[in-house]
Amino acid sequence: MTIYAGAVNRDHVHMLISIPPQLSVSRAVQFLKGKSSHKLLSEYQALRKRYWRQHLWARGYWVASSGNVTDEIWKQYIEDQKPEEPDDNFKVV
């Protein structure tokens, strides 16, 4: 998989990714959620305490293919999703 663009918001994430044809979308999302959850919970003690025996990510996801829209338009859309001013001291480092 290749990640071309991304924006992290307080309650959701936007990503423009390319996945190989032999990998289903559901498996790609499962992999991304699993690896990112493991990484976040192993690096941030506060998250580990808060989400002990719970799921970090919600069960669902939304996916769209980029067949009729160029990657540049999707990248611009994702860039536009970044909040101008984070609320509650939310920040991505």
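Colleague: Why does Tyr77 count as partly exposed?

Modeller: Tyr77 has 38% relative accessibility. Buried means under 20% relative accessible area and exposed over 50%, with partly exposed in between (1.4 Å probe, protein chains only), so Tyr77 counts as partly exposed. A word on the source: this is a predicted model, where local features need pLDDT of at least 70, side-chain atom pairs count only at pLDDT 80 or more, and totals for chains, interfaces and linings use all residues. Residues are numbered from 1 along each chain as its sequence is written, and side-chain values use heavy atoms, leaving out hydrogens and water.

Colleague: And what makes Val13 partly exposed?

Modeller: Val13, found in strand β2, has 36% relative accessibility, so Val13 counts as partly exposed too. Buried residues make up 14% of the 93 residues in the protein.

Colleague: Why is the pair of Trp74 and Tyr77 called edge-to-face?

Modeller: Rings of Phe, Tyr and Trp (its six-membered ring) pair if their centres lie within 6.5 Å; planes under 30 degrees apart count as stacked, over 60 as edge-to-face and the rest as tilted. The ring centres of Trp74 and Tyr77 are 6.1 Å apart and the planes stand at 90 degrees, so the pair is edge-to-face. A search of the whole structure finds one aromatic pair.

Colleague: Where do Trp74 and Tyr77 lie?

Modeller: Both are in helix α3 (residues 71-80), three residues apart, which is about one turn of the helix. Helices (H or I, at least four residues) and strands (E, at least two) are DSSP runs, numbered from the N terminus. The protein has three helices and two strands, in the order β-β-α-α-α along the sequence.
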